[in-house]
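Welcome, and thank you for taking a look at this protein. Let us walk through the model together, one part at a time.

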Amino acid sequence: MQDLNFLLYAAPEHESCALAWQKQLSDLNVHTQIEWVDEINARFLRFHPELSLIVDENGLWLAANGMKMQPAWQAEMPRLKRANPKNELLARACQVNKVETILDATAGLGHDALLLAWLGARVTLLERHPVLFALLLSTLEQAKLDPGLADTAQRIKLLHIDAEHYLADIASEQYDVVYLDPMFPSRDANQKQDKKQAQVKKQMQLLHMLLPVDGVMDLGENLLKQARLKSSRVIVKRPKHAVFLADQMPQHQWHGDACRFDGYFKI
Ligand SMILES: C[S@@+](CC[C@H](N)C(=O)[O-])C[C@H]1O[C@@H](n2cnc3c(N)ncnc32)[C@H](O)[C@@H]1O
């Protein structure tokens with residue numbers, strides 16, 4: 001991926017954190033120019049609508065169009081507290097109560113991986129986009145300090161790598177399950193939205209501004225073939241009415257209101 005350039009806004013009181021993030025991002029080929037701002041509030045965000053980064057007491061944020069976002073792991077708490085291996089479709093599809101290790105090869109904001117780790121799996125997350133990887137790293141660091149999430153965070157490992165390269169290099173059956181949730185262009189279209197979904201949609205808008213930097217959106221067609229070579233259980237998340245990933249018919253499906261999970265097994 002080409003080098004990326006961002007403005008990074010931070011208040012002077014967060015200087016050491018901002019400089020540490022600048023170094024970390026530079027190691028990921030994301031170059032930042034820091035602008036010191038006394039107060040980064042809603043008004044400031046409205047007047048600075050360009051895609052940028054922010055560092056504050058809650059770590060690293062992505063900002064654009066008058067909003068800022070970071071993977072919202074703490075906000076997932078109510079769902080996590082209700083979750084069990086039977087009432088969550090993703091958990092059923094991944095058989096989280098029977099398996100130990102899961103590879104989430106398309107990490108994104110890490111919400112799905114968080115649920116799987118919360119329910120006891122050891123989850124390795126792969127994210128190839130350097131800014132998303134940095135946002136996840138920041139969120140994972142915060143989670144390790146949060147008494148409600150610290151145990152779960154210990155079961156999460158995060159790697160900055162393209163899943164195609166990673167899958168090519170690992171041994172067969174290194175992971176009990178490989179989970180794929182590649183981008184889908186018309187995701188969220190035509191969905192009824194409650195307040196939470198509207199919030200998710202805002203996050204997705206920022207994500208979509210970030211992701212197509214290298215041209216056409218990669219829809220992950222190659223990942224399924226590689227994943228099936230390496231694991232006897234591959235689960236793919238799709239919008240409810242989407243075509244099968246790589247046109248491959250799954251052996252089983254779990255249907256939810258907005259999305260479904262397609263299962264591919266070695267027989
Ligand atoms: C739809 S999002 C995943 C959302 C995620 N399931 C969640 O719960 O937040 C897809 C993510 O996969 C990443 N991705 C797509 N192809 C990838 C690949 N080959 N290797 C690593 N990451 C990839 C994208 O950068 C994007 O962040």
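This is a predicted model: local features need pLDDT of at least 70, side-chain atom pairs count only at pLDDT 80 or more; totals for chains, interfaces and linings use all residues.

**Where two helices meet**

H1 covers residues 15-27, and its axis lies 11 Å from that of H6, with an angle of about 135° between the two helices. Angles over 145 degrees would count as roughly antiparallel and 65 to 115 as roughly perpendicular, so H1 and H6 are oblique to each other. Their crossing is right-handed.

Now step back to the whole chain. The domain assignment of the protein gives domain 1, residues 4-69, and domain 2, residues 74-265. Between the C-alpha centres of these two domains there are 26 Å. Where the domains touch, 21 residues of domain 1 are in contact with 20 residues of domain 2.

What lies inside? In soluble globular proteins, nonpolar side chains tend to be buried together. Here the largest nonpolar core has 65 residues, and Leu-62, Ile-102, Val-131 and Phe-261 are those with the most contacts inside it. Helix H6, residues 130-145, gives the most to this core, with nine residues. Because domain 1 and domain 2 both give residues to the core, it lies between them. A second, separate core has 17 residues, including Leu-126, Leu-167, Val-178 and Tyr-264.

Phe-261 deserves a visit of its own. Leaving aside its neighbours within four places in sequence, Phe-261 is in contact with a set of residues that includes Leu-89, Leu-90, Ala-93, Tyr-179, Ile-235 and Trp-254.

Is Ser-52 buried or exposed? Its relative accessible area is 1%, so Ser-52 is buried. Apart from neighbours within four places in sequence, its contacts are Phe-6, Leu-7, Tyr-9, Trp-61, Leu-62 and Ala-63. Ala-64 is 12 residues from Ser-52 along the chain, yet the C-alpha atoms of the two are separated by 6.4 Å.

Helix H5, residues 111-118, is mostly covered, with seven of its eight residues buried. Those buried in H5 are His-111, Asp-112, Ala-113, Leu-114, Leu-115, Leu-116 and Ala-117. Just after H5 comes Gly-120, with a positive phi of about 115°. In helix H10, residues 221-230, the buried residues are Leu-223, Leu-224, Gln-226, Ala-227 and Lys-230. Their cover includes helix H8 (163-169) and the strands S9 (177-180), S10 (233-239) and S12 (259-265).

Most residues other than glycine have a negative phi. Glu-173 is not a glycine, although its phi is positive, at about 60°. You will find Glu-173 in the loop between H8 and S9, and at 37% relative accessibility it counts as partly exposed. Asp-247 is another residue other than glycine with a positive phi, in this case near 60°. Asp-247 lies in the loop between S10 and strand S11, residues 252-255. With a relative accessible area of 68%, Asp-247 is exposed.

Conventions. Residues are numbered from 1 along each chain as its sequence is written. Side-chain values use heavy atoms; hydrogens and water are left out. A nonpolar core is a set of buried Ala, Val, Leu, Ile, Met, Phe, Trp, Tyr and Cys residues joined through side-chain atoms within 4.5 Å. Buried means under 20% relative accessible area, exposed over 50%, partly exposed in between (1.4 Å probe, protein chains only). Helices (H or I, at least four residues) and strands (E, at least two) are DSSP runs, numbered from the N terminus. Domain bounds come from an automatic or database domain assignment. Contact means heavy atoms within 4.5 Å. Axes are lines fitted to C-alpha atoms, for helices over the stretch in contact, and angles run from 0 to 180 degrees between N-to-C directions. Angles under 35 degrees count as roughly parallel, over 145 as roughly antiparallel, 65 to 115 as roughly perpendicular and the rest as oblique. A crossing is left-handed if the near helix is turned anticlockwise from the far one by less than a right angle, and right-handed if clockwise.
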